[in-house]
2 protein chains.
Amino acid sequence: MQEPYRLTASQALQLIQANKLTVEAYAQSLLSRIESRDATVHAWAYLNRELVLEQARQLDKIPIEKRGPLHGIPIGIKDVIYTKDMPTQHNSPLFKDSHVSVDAASVAILRAAGALIFGKTTTTEFAATTIGSPTINPHSSPPSTPRTPGGSSSGSGAAVADYQVPLALGTQTGGSIIRPGSFNGVYAMKPTWGAISREGQKVYSLILDTVGFYARSVEDLGVLGGVLGLKDDDDDDGGVSDRKEAGVEGVAGLKFGIVKTCVWPRAEEGTVSAMQKAEEILKRHGAIVEEVDLPDEFDNMPDWHAKIMAAAGRTTFLAEYRIDKSQIHESLVGHVENVNGATRAEQLAAFDGIAILRPRIDEIAGRYAALVTPSIPGEAPLGIEGTGSAAFNSMWTALHTPVVNIPGFQGENGMPVGVSLVAPRFRDQHLLSVAKEVGDIFEKEGGWTSAL
Amino acid sequence: MQEPYRLTASQALQLIQANKLTVEAYAQSLLSRIESRDATVHAWAYLNRELVLEQARQLDKIPIEKRGPLHGIPIGIKDVIYTKDMPTQHNSPLFKDSHVSVDAASVAILRAAGALIFGKTTTTEFAATTIGSPTINPHSSPPSTPRTPGGSSSGSGAAVADYQVPLALGTQTGGSIIRPGSFNGVYAMKPTWGAISREGQKVYSLILDTVGFYARSVEDLGVLGGVLGLKDDDDDDGGVSDRKEAGVEGVAGLKFGIVKTCVWPRAEEGTVSAMQKAEEILKRHGAIVEEVDLPDEFDNMPDWHAKIMAAAGRTTFLAEYRIDKSQIHESLVGHVENVNGATRAEQLAAFDGIAILRPRIDEIAGRYAALVTPSIPGEAPLGIEGTGSAAFNSMWTALHTPVVNIPGFQGENGMPVGVSLVAPRFRDQHLLSVAKEVGDIFEKEGGWTSAL
């Protein structure tokens, strides 16, 4: 057997249920991996080895017939999400050692399913700035020059990529789930807004904030998404299973829409090449691929997203501002003080303008098995001071559509680059079915594989 | 001087700043009032006399020049809102004695302003059912037959009406702020959605939940709203102050739109009479009053509101359901299990349909100083088992408009009945200015005064 820390969650689940692996042994293997890597990667804001092992031993005592669907599966929790047995510090001096004794809804659901809540992963301050945490992208470990793992779910993306934990939760207001997914070469899912409760996590913008997750296989995303309640209207998976029953394999016959969006001029070599290769691979496997030009109104999305995020920040960070504005980042002070002089009228025009486009993108995306769009401008930038651009993500966050980052491509420096698949709202399970087929071929033929 | 417990917050603020009243003496007076009334009214889910007095003494030690804008002002906090020094129990056995050690954003802002966080007021379970708490409407104290204070902010409405505290926070997803305001004969404000952070309170529906507050004067609503960050685009108060400078008093010349809405057939004698009197009083004082027929699309609002609330419940209560579904009310189990078989398509049609109507109601309401609309079907129903109907509130909650309940009228049994004023989104300060003028005349001429 390979080292347990290298298992996907789905593989580990099978072994644990078959009594071939104890939760304690699995946790021990991950802790050893972390011990050997943490001084380099710094993915954790809080990790209590004894607490992990104690929980693992408790889980091992549960009889097989009483085990939950995630029994014994370790999961990292972004440090803006409440965990009743660990501090939640938001990478903010105002919340140093702050300990909230209730679980966020997402954590409570995972715990009830038997998951092993492993530790807290690093985040940018309140998941609301682009100032990097100490985390480095594991694919840029020394002797390479350090690169950002992306943000704000920096530790979650890095820990899953680095085999320190098979699954992790993240949150996205701009591009904070998908961007680290792409930069770290892992699968990442931002579900439909409102499909999973975001209760018990730091608020940035109520209409944007979305909880999501990381894994190293689409199957794992599916296991986690199912437990967390992702449910389409019916069992429609875009015809993928029907086609399988009929003997049609993979993406053959599925129709994909390539959406470059109005921010395409920001695409760098890695993303331009990834989008080209994605199209080639899909076509080679018999998919129908066409370019989709979104109506002009969608060109407003980057500006509208920025406006509602700033307006939300004006409300959201007032409490921290009043407590001690010297302890929050100047960009958050700027939101509260509305330094850009945004008016309520502009804020509402953005809020209402986006609302009108949601059913329109559903209609457009509904014509395809999935839309294919960039995950990021390119590979992870050098340095860990900044977490990179959310230019290609913010639109989908605001439109509330589910997005899955598919890894498999690489940039000009050999760093991973992913592409995003997008489906209409509340077609999360459908999107996962398509992502499975697409992931299989992008991973094999995209040109990048993890050296970790 | 009258008993301190009878002071409005604004009156108390003046006395405290003038060193004519200590915070401790004020708190002591309120505690005595509560002691004499609590066995009847039951407005509190948690009240720690010693903690209140200790905080009061600490506040008294602060030098005048360092005091905040709410220095020493007691405020009740609905028990679905986190308070770092008190339990937050949500009227749920799952959260009995649960203690979260951080303040909700609203509470943190109030505390930073010097407010005295007084205790936790009763709520329906998770502010999400219409099953009454033990609280009774103080205007139905024995020997009267007990009536509901409304819900879900039952204790907040009752405590403010009963002079147990001058201010209280509530939350509204359907009609949970405005309804108790009307039933208890106090001012109540549901601000624009998103104008005040709702971080740190139980989630029901992210797109509906709104934090708001109770007081016994519009001036007090204004003080609290200002501290909590309500801010219109400019200092436009609907011309009220310009008119005052020009020597025009009260509502003379202001234009009001009477909106009966599609649920008008549910109006009972108390509300029919209140709406008639409201119109008469406004006209008598020189206001221009016209009836507004909303476009037909607005007739969908009750159904759409119900659909997005149910869909939200399906997501929101999954955590409690998974922990122990026998410990949550069957209506919440029903949401999670989607017993009504609502589809995602219906949920999205409701979500998107309401979004289109928000700018339309802004445009309509913007033609008037305020819209005038019922707060509730009638006076508080007999019994405390049910908290009454949100039929007249849910539409405005979903449309995100600010609403103020103005007390002053009465039903067929002498119980208070209020009417609502509504303004376009983010015209909260404007609405408060208009509410001041309207409140003055409705209180004097509406026919109801508190006997408490």
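**A strand and its neighbours**

I began with strand β5 of chain A, residues 187-190, which runs antiparallel to β6(A) and is joined to it by three bridges. Before going on, I noted that this is a predicted model. For one pairing, I found A:Tyr187 opposite A:Ala215 in β6(A).

Next I looked at what else pairs with β6(A). Strand β4 of chain A, residues 167-172, is joined to β6(A) by five bridges, and the two run antiparallel. I looked up two of the partners: A:Thr171 pairs with A:Val211 in β6(A), and A:Gln172 has A:Thr210 in β6(A) as its bridge partner. A reminder to myself: strands of a sheet pair through backbone hydrogen bonds, either parallel or antiparallel.

Is β6(A) mostly covered or mostly open? I got mostly covered: six of the six residues in this strand, 210-215, are buried.

Eleven strands of chain A form an open sheet with mixed pairing, in the order β1-β3-β2-β4-β6-β5-β10-β11-β9-β7-β8. Which strands stand at the edges? They are β1 (44-46) and β8 (288-291) of chain A, each with a single partner strand, so one side of each has no neighbour in the sheet. I also wrote down the twist, which averages 30 degrees from one strand to the next.

**An arginine in a helix**

I picked A:Arg179, which lies in helix α6 of chain A, residues 178-184. Is A:Arg179 buried or exposed? Its relative accessible area is 4%, and buried means under 20%, so A:Arg179 is buried. Leaving out residues up to four places away in sequence, I listed what A:Arg179 touches, including A:Thr130, A:Ser152, A:Ile376 and A:Asn393. I also noted A:Gly418, 239 residues from A:Arg179 in sequence but 8.8 Å away in space, C-alpha to C-alpha.

**Two helices in chain B**

Last, I moved to α10(B), residues 301-316, and α13(B), residues 344-365, whose axes come within 9 Å and cross at roughly 125 degrees. The two helices are therefore oblique to each other, and I have their crossing down as left-handed. The contact between them has nine nonpolar, three polar and four charged residues. Among those that meet are B:Trp304 and B:Ile308 in α10(B), and B:Phe351 and B:Leu357 in α13(B).

Note on methods
Residues are numbered from 1 along each chain as its sequence is written. Chains are lettered from A and ligands numbered from 1 in the order in which they are written. This is a predicted model: local features need pLDDT of at least 70, side-chain atom pairs count only at pLDDT 80 or more; totals for chains, interfaces and linings use all residues. Side-chain values use heavy atoms; hydrogens and water are left out. Axes are lines fitted to C-alpha atoms, for helices over the stretch in contact, and angles run from 0 to 180 degrees between N-to-C directions. Helices (H or I, at least four residues) and strands (E, at least two) are DSSP runs, numbered from the N terminus. Angles under 35 degrees count as roughly parallel, over 145 as roughly antiparallel, 65 to 115 as roughly perpendicular and the rest as oblique. A crossing is left-handed if the near helix is turned anticlockwise from the far one by less than a right angle, and right-handed if clockwise. Contact means heavy atoms within 4.5 Å. Ala, Val, Leu, Ile, Met, Phe, Trp, Tyr, Cys and Pro count as nonpolar, Asp, Glu, Lys and Arg as charged, and the others, Gly among them, as polar. Buried means under 20% relative accessible area, exposed over 50%, partly exposed in between (1.4 Å probe, protein chains only). Two strands pair if DSSP finds at least two bridges between them.
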